[in-house]
Amino acid sequence: LAIFVIYMLWWFGWTIGSVLIVDTVAFLEFLDRISWDLGRLGRTAKDIALPAAYLFVGLVLVFFYNDVIARLVFAETYSKLLNRIDTILLGGWTVFQIAHAVMSRLPVWAYSVLEFFYFQVFAQVGGTLILVAMASGRKRCFAYVGTRLTAYYISLVVFSILPAANPYMQCPGHFRRLPSELDISTDEQLTALKARLLWSQRTFPLVGVDYYMAFPCMHIAMLLISLWFLRKWTRMVIAVAASDVVLTAAILLLERHFFVDLLGGVLVAALSIFMLPSLKTDTPGQG
């Protein structure tokens, strides 16, 4: 194991190497727990694959309608309104002012750390899907995926009524301050450009991973839904929640969302969980 760890870190670097190490150890642990029963391994793989396919199809629809809505309504219509609401909630401060004040005092590598935590939410979502399928079966895994997609569908309805784009699109000095070597820098510039091209009718909706809506914050909604389905594993919830505290800071300091968006994400997560009756009757761990 030590040789494997050293080789993975040397060959792939700290980020990808660490992910491969954790995934490999987790897979070997699972094989050990099922006594290398390949039949059970196949059933578990099916319990994971079917909900994952359902999630994939659902996300394709979400991203497509995200583009369609951005073509029909101006994505930045209510961004200034959300910024004014923030000044009330934050005692006169805005996300721009807080981000500029904090990040100007931190070294450049702090941006990379925040970027890492911002994107790790997607690994958290996939990890939750696998754990729920392995521990509780396909039915509850479908419930998890259904809750996630329900949250996205609610957010699309809200976006069509209250279109508002991310704060970085409104901040004139954002891209001058953000290190150009970050992946998130290129992503944000392309997203802002595509949203404006869609509204000006200069391009057609294409299914991609661009996401324009600010309110509600789906990062927060996804985290809370994952924590709900992981709640029977107390130590895991504590560890995940601790990382999510840093993630919340990253969302604001990278100017990805207004503060009020976070509150909207909490409401969407609660509503999505409440809307699925099976979640109120199934106990944690029940297949």
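Visitor: Thanks! Before I go on, what kind of model is this?
Guide: This is a predicted model, where local features need pLDDT of at least 70, side-chain atom pairs count only at pLDDT 80 or more, and totals for chains, interfaces and linings use all residues. Residues are numbered from 1 along each chain as its sequence is written, and side-chain values use heavy atoms, with hydrogens and water left out.

Visitor: Okay, back to Gly137. Where is it, and what does Gly137 touch?
Guide: Gly137 sits in the loop between helix 5 and helix 6. Leaving aside residues up to four places away in sequence, Gly137 touches Asp47 and Val132. Contact here means heavy atoms within 4.5 Å.

Visitor: And how many residues apart are Gly137 and His174?
Guide: They are 37 residues apart in sequence, and their C-alpha atoms are 45 Å apart in space.

Visitor: Let's zoom out. How many helices and strands are in the protein chain?
Guide: The protein chain has 12 helices and 0 strands. Helices (H or I, at least four residues) and strands (E, at least two) are DSSP runs, numbered from the N terminus.

Visitor: Why is the chain called as compact as a globular protein of that length?
Guide: The radius of gyration of the protein chain is 20 Å, close to the 19 Å that the globule rule gives for 287 residues, so the chain is as compact as a globular protein of that length. That radius is taken over C-alpha atoms, and the globule rule is 2.2 Å times the number of residues to the power 0.38. Along its principal axes, the C-alpha trace spans about 60 × 45 × 40 Å.

Visitor: What share of the residues is buried?
Guide: Of the 287 residues in the protein chain, 44% count as buried.

Visitor: What about contacts along the sequence?
Guide: Take the contacts in the protein chain between residues at least 6 apart in sequence: 80% of them join residues at least 24 apart.

Visitor: Now some helix packing. At what angle do helix 5 and helix 10 cross?
Guide: Helix 5 (residues 109-136) and helix 10 (residues 234-253) cross at roughly 145°, and their axes come within 8 Å. The axes are lines fitted to C-alpha atoms, for helices over the stretch in contact, and angles run from 0 to 180 degrees between N-to-C directions.

Visitor: Which residues of the two helices meet?
Guide: Among them are Leu114, Phe117 and Tyr118 in helix 5, and Met236, Val240 and Ser243 in helix 10. The residues of this contact of helix 5 with helix 10 divide into 12 nonpolar, 3 polar and 1 charged. Ala, Val, Leu, Ile, Met, Phe, Trp, Tyr, Cys and Pro count as nonpolar, Asp, Glu, Lys and Arg as charged, and the others, Gly among them, as polar.

Visitor: New topic: which peptide bond is cis?
Guide: The peptide bond from Phe215 to Pro216 is cis, with omega near 0°. Pro216 is in the loop between helix 8 (183-199) and helix 9 (218-229).

Visitor: What touches Ser155?
Guide: Not counting residues up to four places away in sequence, Ser155 touches Tyr211, Met213, Pro216 and Met218. Ser155 lies in helix 6 (residues 138-161), and Ser155 counts as buried because its relative accessibility is 0%.

Visitor: And where is Glu255?
Guide: Glu255 is in the loop between helix 10 and helix 11 (259-275). Glu255 has a positive phi of about 60° although it is not a glycine. With 0% relative accessibility, Glu255 counts as buried.

Visitor: Last one: what does Ile69 touch?
Guide: Ile69 is in helix 2 and touches Leu156, Phe159 and Ser160, not counting residues up to four places away in sequence. Ile69 is buried, with a relative accessible area of 11%. The C-alpha atoms of Ile69 and Tyr212 are separated by 9.6 Å, although these residues are 143 residues apart along the chain.

Conventions: Buried means under 20% relative accessible area, exposed over 50%, partly exposed in between (1.4 Å probe, protein chains only).
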